[in-house]
Amino acid sequence: MGRWRPLPQDVRPEVRRLVERLRLLKDRSGLSYTALAAKTPYSASSWQRYLSAVTLPPWEAVEALAKLSGTERRLLVRLSVQWESANEAWEEANRRRARTKPVPTAPAAPAAPGVAATSAGAAATGVSGGAGPNTAAVPGWRAPGGPGARSVAVRAARWSVALASLVLLACVPDASGRGIGRPAWPFPLPSEAAGPAADEVRPRCRGEACEGRDPVRAGCQADGRVVGRYDIRNHRIEVYRSIRCAAVWGAVTPANDVKGISLSAPGAGQLWEDSQDGRTAMAPAPENLGSNVQVCAVIADRHSCVDAGKRAWTD
């Protein structure tokens with residue numbers, strides 16, 4: 001670690017811990033940046049950015065470095081949780097920068113020739129812009145409300161419409177389904193205030209009565225909270241729990257490229273679902289969650305899982 005350049009002071013603590021861990025793994029592997037590039041799908045310059053906290057490495061890069069350094073499987077699970085924490089901190093920092101970024105304003109509309117002449121004439125003769133005894137002598141002066149004033153009003157209105165159009169355009173999704181200027185996947189979760197309040201939705205089941213039922217149709221999603229999360233291959237696997245329904249379920253977003261989703265919970269066994277809705281049916285929530293509740297998904301022929309204790313792994 002002595003030869004490593006210090007990380008920037010503004011690096012989030014979660015990101016700093018991850019990068020320092022990755023530096024230790026690289027030292028243990030004994031590989032140079034060029035050797036890492038030869039053994040992984042990532043270039044030497046990419047590894048330099050990852051290990052300098054310029055860019056957050058994808059989980060696949062972290063996993064590759066860990067395996068090259070001989071990391072045990074149980075430690076790999078801990079590393080995945082550490083990466084997940086750093087990933088969330090990185091996204092939050094990006095969202096804050098997006099919120100504080102100044103909004104560009106439209107340039108001022110050029111003054112009409114008559115108005116410019118009025119200002120020049122007023123400066124030369126000491127006459128104000130309003131009508132007065134000597135205003136008729138000012139070259140090019142036009143009375144307020146005349147053609148010159150109307151021209152300025154029309155141009156100002158056109159600029160307002162143009163600016164409003166730019167604002168609306170920023171909200172329109174492009175061909176990839178992402179809005180211009182929006183952060184890349186994974187998207188931030190909607191706030192808890194979005195949609196109807198949990199108190200306004202009456203759950204239709206509780207505990208064992210919820211087993212095998214859809215959380216949305218049963219009204220359990222209203223107070224559903226994420227108790228486990230794992231980001232893998234541009235997908236997000238999550239474990240949900242509803243206190244009012246005393247039930248748990250799993251979800252994967254987006255649902256495309258997902259061949260199957262499963263939920264494992266005591267007493268309910270393993271429930272497999274296709275990826276049509278991107279979520280599983282519910283199971284009664286056990287008294288203790290943690291590793292007792294697991295959600296798995298088959299994505300691109302890889303089996304990835306996360307439990308309610310926020311431990312994640314990929315086979």
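User: How many disulfides does the structure hold?
Analyst: The structure holds 3 disulfides. The term covers a pair of cysteine sulfur atoms within 2.5 Å. This is a predicted model, where local features need pLDDT of at least 70, side-chain atom pairs count only at pLDDT 80 or more, and totals for chains, interfaces and linings use all residues. Residues are numbered from 1 along each chain as its sequence is written, and side-chain values use heavy atoms, with hydrogens and water left out.

User: What makes Cys205 and Cys210 a disulfide?
Analyst: The S to S distance for Cys205 and Cys210 is 2.0 Å. The cut-off is within 2.5 Å, so the pair counts as a disulfide. Its torsion is 105 degrees about the S-S bond, a right-handed link. Cys205 and Cys210 are buried.

User: How do you know that Cys220 and Cys245 are joined, and which hand does the link have?
Analyst: Their sulfurs are 2.2 Å apart, S to S.

User: Why is Cys220 called buried?
Analyst: Buried means under 20% relative accessible area, exposed over 50%, and partly exposed in between (1.4 Å probe, protein chains only). Cys220 has a relative accessible area of 0%, so Cys220 is buried. Cys245 also has 0%, so Cys245 is buried.

User: Why is the disulfide of Cys296 and Cys305 called right-handed?
Analyst: The torsion about its S-S bond is about 110 degrees, so the disulfide is right-handed. The sulfur atoms of Cys296 and Cys305 are 2.1 Å apart. Both Cys296 and Cys305 are buried.

User: What is the pairing, with the bonded cysteines numbered in sequence order?
Analyst: The pairing is 1-2, 3-4, 5-6.

User: Where does Cys305 find its bridge partner?
Analyst: The partner is Trp313, in β9. Strand β8 (residues 302-307) and β9 run antiparallel, joined by 3 bridges. Two strands pair if DSSP finds at least two bridges between them, so β8 and β9 pair.

User: What makes β5 and β9 edge strands?
Analyst: The open sheet has 5 strands in the order β5-β4-β7-β8-β9, with antiparallel pairing. β5 (269-273) and β9 (312-314) each pair on one side only, and are its edge strands. On average, neighbouring strands of this sheet are turned by 15 degrees against each other, direction ignored. The angles use axes that are lines fitted to C-alpha atoms (for helices, over the stretch in contact) and run from 0 to 180 degrees between N-to-C directions.

User: How many helices and strands does the protein have?
Analyst: There are 7 helices and 9 strands. These are DSSP runs, numbered from the N terminus: helices are H or I of at least four residues, strands are E of at least two.

User: Why is Leu65 called buried, and which residues does Leu65 touch?
Analyst: Its relative accessible area is 0%, so Leu65 is buried. Leu65 lies in helix α4 (residues 59-68). Contact means heavy atoms within 4.5 Å. Not counting residues up to four places away in sequence, Leu65 touches Leu22, Leu25, Lys26, Leu36 and Trp47.

User: What share of the protein's residues counts as buried?
Analyst: Of its 315 residues, 38% count as buried.
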